[in-house]
Structures are given as structure tokens and as C-alpha cells.
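Let's take a walk through this fold, starting with a sheet and ending with a pair of helices. Keep the viewer open as you read.

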Amino acid sequence: MAISDSFINDLKLRTDINDIISTYVTLKRRGRTYVGLCPFHNEKTPSFTVYPDTQSFYCFGCGAGGDAIGFVKRIENLDYVDAVKSLADRAGLQMPDDGYDNSLAKQRKTILAANREAARFFNSYLMSDEGKVGLNYLLNRGLTKKTITKFGLGYAPDSWDMLLKHLKSKGFRISDMEAAGLIKRGQKGYYDIFRNRFMTPIIDVRGNVIAFGGRVLDNSKPKYINTGDTMVYKKTNELFALNLAKDSGKDSFILCEGYMDVIAMHQAGFTNAVAGCGTALTAEQVRLISRYANEVILAYDADEAGQKAVNKAITLFNQTDIKVRIPALTGGKDPDEIIKNVGRDKFAAMLEGASNETEFEILRARNNYDINTTQGKIDFLNECVRILSTASPIEQDLYMSRLAEELGVDKNSIKLQLASSTRRAANRARRRETSSAVTDSMRKNHKESFDASTTTRKLRAEDRLIGLLLHHNKLIKYTDKIDVSMLTAGFHQKIYSLVCERISLKLDVDLMHFSENLSDNEMGRLSGIIARSTDSTNPEKEFLDCIKIISEEYSNEQVKNTDMDNISDDDFRKLFG
């Protein structure tokens with residue numbers, strides 16, 4: 001049973017989409033709308049637009065769109081009901097007692113409850129006499145009991161199904177535990193996935209235990225086992241310790257590779273440390289960081305894999321406005337070891353002295369060339385010119401002056417070479433863009449050539465038909481002139497039917513009333529229709545014109561389909577090989 005229209009109407013009256021979105025995105029007024037950088041894809045030129053008049057948002061870059069419910073749903077990775085509840089809590093509304101807890105919401109709630117109980121079990125076992133081996137392991141690694149409690153660390157017993165039996169005694173079903181990624185079915189039945197491991201719960205920003213990371217206490221393999229993707233957890237979208245770092249009071253994050261690095265750093269007072277969940281940093285995690293921080297310090301391991309990870313991270317962060325700094329870490333292979341070896345203060349000094357990405361690249365290049373030789377100096381300068389070609393004009397001037405003085409080279413010589421390199425880089429970028437545009441056009445044309453049954457003219461008419469109907473509900477009286485089957489199957493038929501049904505029942509057709517029945521992509525397309533819809537000087541005439549176009553194109557489609565039905569096998573082979 002759906003959430004009632006009356007409740008959604010109350011929620012709509014108490015919710016301002018601009019207030020909701022501005023807590024995640026920096027918005028600037030542009031006439032009657034607000035624009036900002038889209039939080040759902042990487043961009044440097046704002047294409048994300050908020051429309052206060054229709055209480056909607058739409059990104060002209062990636063097509064994301066919807067209402068306040070859809071925004072919270074996507075940005076916080078929630079289902080529909082939890083997104084409504086989040087907005088209701090914010091608006092001071094009490095959720096209805098019944099009728100809103102659908103099956104997906106119930107399953108999500110059950111999985112979170114199972115994870116929470118599993119975390120309690122692991123922590124309790126760690127503190128028991130049986131779990132002393134796990135506790136001693138953590139204490140020997142320098143963690144205090146206070147830190148163990150703060151992060152809810154635990155220990156999974158070396159047992160086939162002890163967690164399974166515990167959760168069963170608490171009323172959880174086998175299907176619940178399996179959906180949570182806590183047990184697995186083998187040839188001899190179900191068994192615990194995590195056994196004889198030190199356990200780290202992964203907690204989201206709302207305080208829910210959404211997953212676990214398990215590490216062996218010795219050198220056995222596999223060293224780590226992590227929860228796979230579930231209904232409540234997608235590793236590419238989450239950051240470990242974000243629930244703590246977001247409240248650190250700092251506008252910068254320290255990004256580490258592993259959970260233990262983060263835990264050790266928090267214990268040492270670096271409470272803005274986080275780590276990606278999974279083996280490599282993702283674009284989604286970078287966008288998540290950008291919601292909470294203006295700067296990131298990449299405290300990755302000093303080995304080859306760590307340096308490769310630094311390069312990838314720089315590339316990802318370059319697609320955002322986040323400043324990046326890279327410290328020269330010495331005294332150990334990772335932050336956890338360095339803090340133990342040299343102490344908190346020296347580690348803090350390394351972070352304070354972290355260089356920006358341009359300086360980092362230049363310092364790294366210097367190590368690859370012998371600048372005491374003429375050829376080494378030339379090769380090093382050529383590499384620096386390449387690095388500076390993507391830097392800001394101020395950075396270029398500062399580093400050219402520094403390099404000229406250090407290497408005894410005329411600054412103007414470096415400047416001339418940099419100008420030439422910058423032009424070549426710009427030309428290469430333009431060629432790539434042109435090539436990409438041509439490729440996209442070819443793909444589009446190729447796709448349309450095999451999907452010629454629906455014309456662009458008809459699709460535009462269908463979009464306009466729906467847009468007019470949403471703005472002018474009285475046009476419902478003309479809908480008897482067109483059958484829903486004449487519209488393009490799928491999205492257009494579904495939206496048209498929903499809009500007509502609500503208008504006929506004298507219900508509101510605000511975007512918020514469609515959130516429950518449409519997917520994120522469908523909400524995006526509907527928001528795009530609304531965003532592109534301009535008011536009409538004669539809506540009735542334009543509506544009837546749209547019906548005429550759709551009818552004509554539908555008739556043409558039927559003729560084409562009939563012709564194809566009657567085509568001979570020989571003619572078909574001649575046409576399509």
C-alpha cells in the first residue's frame with residue numbers, strides 16, 4: 001500500500017527543494033532557477049539546475065532529475081520510503097503508522113538489523129575469554145580499548161556457524177542472513193562467511209552498520225574478506241569512517257588505503273581520515289568526498305601500488321573542484337606504521353608539508369633525471385613543461401621562475417616552450433572532442449537507422465503532449481482523441497497513463513507524486529520534459545497539434561510494419577544481408 005496522497009501533499013508544502021539540495025551542492029541563482037555542479041557525475045561547468053517553481057531538479061549533462069524525494073534517494077543511496085522518512089523527519093512530520101512499509105523497505109530494515117546484531121556479536125565475542133586472541137592482536141597493534149569501542153571492532157570466532165546460530169536465536173531467518181552477506185550456502189549447508197578474523201564494521205552517515213571487513217590474524221590467505229554488494233551496501237559508493245570524519249570540524253579529508261590506517265590515524269587525533277571501501281578509489285567516492293570537504297590529502301602507501309593509486313586518485317579529483325595535496329611519507333610503509341615509528345607530531349609535520357599535485361609531479365620527475373648533466377637537465381625541463389601545461393597561469397609563472405633560478409635557464413625560454421606545449425595540448429583536446437562527437441553522432445545515427453519506427457518528430461510531440469498536460473490539466477478533455485497505444489511503448493505510454501489517471505481522479509500531478517512509481521531514470525526523463533517545457537500562448541491548439549502529429553506518425557509506423565511483415569525472404573536478405 002502506497003503512502004497516502006494527503007501525507008505527500010503535507011510533505012510537499014513543508015519541503016523546499018532548494019534548501020534540501022543546497023546542503024549538498026553549492027547553488028548560484030540564475031534568473032528564476034539555481035545552478036551548480038552536478039553531484040551525480042563529474043563536471044567542471046555547471047549543468048545541474050534546480051527549479052523552485054516546479055520543485056524539481058534536472059542535470060542537462062547526465063540526465064539525472066526528479067523531486068526532493070528522488071534527490072535524497074539518490075544522494076543518500078536510500079529506497080523510496082526511507083527517503084520520504086528522511087524528508088519527513090527534517091520537516092517535523094510524523095510518518096503514517098501503516099501503509100508505508102513496503103516489502104523492499106522491510107527487507108532493507110531487516111538486513112540493517114541483522115548487521116547491527118552481528119556487530120554486537122563480534123564485539124561481544126572479542127571481549128570474552130574465547131575472543132582473547134583477537135583482542136590481544138588489536139592491543140599488540142597499538143589500539144586502545146577506547147578506540148576498539150569507538151569503531152565497534154570485533155572478532156569472528158573460528159567456528160563453522162556460530163554467528164548463524166546466534167542470529168537464528170534472535171529471530172532472523174536464513175534468507176535474511178544470506179541477503180546481508182553474513183552466511184553462505186555450501187555443499188554441507190549454510191556457514192558463516194567471516195570466521196577467525198578481526199572484524200571492522202562499516203557504518204554509514206546515518207549510523208547504520210551496512211557491511212563488514214574481516215582480516216586474518218596471521219599470514220594465511222585470503223588476507224581480507226569483505227561484504228559483497230547487498231541491498232544496503234555498494235562498496236563503490238561508500239567511505240569507511242565518513243560517519244566520524246564528517247563531524248571532525250575540518251574542511252579537508254585525509255584519504256588512506258586501508259581501514260587500519262584510518263583507525264590508527266583517528267586514535268592519533270587525525271579525526272578527518274577516511275578510506276575507500278574496496279580495492280580502488282571510484283568516481284562515486286570522489287563525489288561523496290566533495291560533499292563534505294574542499295581539500296583532500298592523499299596519505300597512500302609508499303609502495304609501487306600505492307603510488308599508482310595516487311596517480312588514479314589525482315586523475316579523479318582533477319574532475320572536481322577539490323584541492324589535492326600529497327605528502328612525502330617516510331618512516332614506514334603506511335600511515336599506521338609511520339605513526340608507530342616516528343610519532344604523531346612528525347607525521348603531522350609530513351601532512352602539513354604536503355605538496356600540491358603540480359609540485360608533487362615535478363618532485364617525482366626530478367628523481368627520474370640527473371640534472372647535473374646537460375641532457376638530464378633538458379629532459380627534466382621538458383617533463384616539467386608537460387606537467388605545467390595543465391596548471392593554472394599563476395602556478396605556471398611561479399614554477400617557471402623557480403625552475404629558471406634552480407637550473408640556471410632563462411625564464412623566457414621555458415615560457416616559450418610552455419606556450420607551444422599548451423597549444424599542442426589544446427589542439428589534441430579539440431581533436432579528441434571532435435572525434436568523440438563524430439563517434440557519438442555515428443553511433444546515434446546507426447542506432448536510429450535500426451529504430452526508425454519511432455521518429456524524432458513523434459518523440460518531441462509526445463514530450464510536449466505530456467508537458468502541456470502537466471501544466472494545463474483541463475486538456476484532459478481532449479485525450480479521448482488519442483489512444484495510449486499510439487504513443488511510443490515504454491516510458492511515454494507509462495507516463496501518459498499515470499498523468500491521465502491522476503488528473504481524472506482530480507489528484508495533484510506535482511512531480512513528488514510520481515516518485516514512488518517511477519525509476520530514477522524515468523524520473524530524470526520526466527524532469528527533463530518539465531525542464532524543457534515552456535508555457536504556451538495557445539495550449540489547446542498546441543495540444544491538438546501534438547495529437548495530430550502522433551496520429552500521423554503512428555499511421556506511418558503501421559504501414560512500415562505491415563510492409564515489413566509482407567516482405568519476401570529474398571528482399572529481406574537484400575536489405576539486411
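Start with the open sheet, where 4 strands line up in the order E6-E9-E10-E11 with antiparallel pairing. At the edges sit strand E6 (154-156) and strand E11 (224-226), each of which pairs on one side only. Going from one strand to the next, the twist averages 30 degrees. Bear in mind that you're looking at a predicted model.

Now zoom in on strand E9 (residues 197-203) and strand E10 (residues 209-215), which pair in the antiparallel sense over 6 bridges. If you want a landmark for that pairing, pick Met 199: its bridge partner in E10 is Gly 214. What packs on the sheet? That's helix H11 (residues 259-267), which touches E9, E10 and E11. The direction of H11 makes about 75 degrees with that of E9.

Next, jump back along the chain to a helix pair. As a reminder, two packed helices are described by the angle between their axes and the distance between the axes. For helix H1 (residues 5-13) and helix H4 (residues 80-91), the axes come within 10 Å and cross at roughly 50 degrees. Because of that angle, H1 counts as oblique to H4. As for handedness, the crossing of H1 and H4 is left-handed.

Which residues do the touching here? From H1 come Phe 7, Ile 8 and Leu 11, and they meet Tyr 80, Val 84, Leu 87, Ala 88 and Ala 91 in H4.

Terms used
Residues numbered from 1 in each chain as written. Predicted model: local features only at pLDDT ≥ 70, side-chain atom pairs only at ≥ 80, totals over all residues. Heavy atoms only, no water. Pairing = 2+ DSSP bridges. Helix = DSSP H or I, 4+ residues; strand = E, 2+ residues; numbered from the N terminus. Axes fitted to C-alpha atoms, helices over the stretch in contact; angles between N-to-C directions. Contact = heavy atoms within 4.5 Å. Parallel < 35°, antiparallel > 145°, perpendicular 65-115°, else oblique. Left-handed = near helix turned anticlockwise from the far one by under 90°.
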